[in-house]
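Visitor: I would like to go through this chain with you. Please keep to what can be read from the model.

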Amino acid sequence: DAFVLSILDSFDEVYLPIGIHHPDHVLLHNRIMNFIDDYDSYFYLYTEHPYKMMFPETYARRVAELKLFSPNVIPLSENRDFYVSKYKYQIGKNREVIPFLLVDEEIWRIR
């Protein structure tokens, strides 16, 4: 906790995953959410691709739990398919994850 929290002082804006599936994302989200009131930074939550699309029920539950409404939608970059095709980690042998990555991003400012 101390290391992660010490880093927060260095940023005016902090982006956190909403904690849909990946254990590291869930852990980071849960820990930092306990401390956001101690910092002057702006805090944002973002959807996590591919998990938002792969686990839609979990995504919907997290959005409801966190009372997230009216996200700022960031349209898919025209070059995103190129960059996604270069991403090797966790894509899978048949590249089955790629369609779950080629979707618009959602961001909520929470503080």
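Visitor: Which residues does Phe-43 touch, not counting residues up to four places away in sequence?

Guide: This is a predicted model. Phe-43 belongs to the largest nonpolar core, where it is named with Leu-8, Ile-18 and Trp-108 as touching the most other members. Leaving out residues up to four places away in sequence, Phe-43 touches Leu-8, Val-14, Leu-16, Ile-32, Ile-36, Trp-108, Arg-109, Ile-110 and Arg-111.

Visitor: Is Arg-62 buried or exposed?

Guide: Arg-62 sits in helix α4, residues 56-65. Its relative accessible area is 11%, and the cut-off for buried is under 20%. Therefore Arg-62 counts as buried.

Visitor: Where is the cis peptide bond that has omega near 15 degrees?

Guide: Pro-50 is found in the loop between β2 and α3 (51-54). The cis bond, with omega near 15 degrees, runs from His-49 to Pro-50.

Visitor: What is the phi of Lys-67, and is Lys-67 buried or exposed?

Guide: Lys-67 lies in the loop between α4 and β3 (72-74). Lys-67 is not a glycine, yet its phi is positive, about 55 degrees. With a relative accessible area of 62%, against a cut-off of over 50%, Lys-67 is exposed.

Visitor: What is the relative accessible area of Ser-70?

Guide: Ser-70 is placed in the loop between α4 and β3. Ser-70 has a positive phi of about 50 degrees although it is not a glycine. Ser-70 is exposed, and its relative accessible area is 68%.

Visitor: What pattern does the chain follow along the sequence?

Guide: The chain has six helices and four strands. Among contacts between residues at least 6 apart in sequence, 78% join residues at least 24 apart. Read along the sequence, the pattern is α-β-α-β-α-α-β-α-α-β.

Terms used
Residues numbered from 1 in each chain as written. Predicted model: local features only at pLDDT ≥ 70, side-chain atom pairs only at ≥ 80, totals over all residues. Heavy atoms only, no water. Helix = DSSP H or I, 4+ residues; strand = E, 2+ residues; numbered from the N terminus. Buried < 20%, exposed > 50% of the residue type's maximum accessible area, 1.4 Å probe, protein only. Contact = heavy atoms within 4.5 Å. Core = buried A, V, L, I, M, F, W, Y, C linked by side-chain atoms within 4.5 Å.
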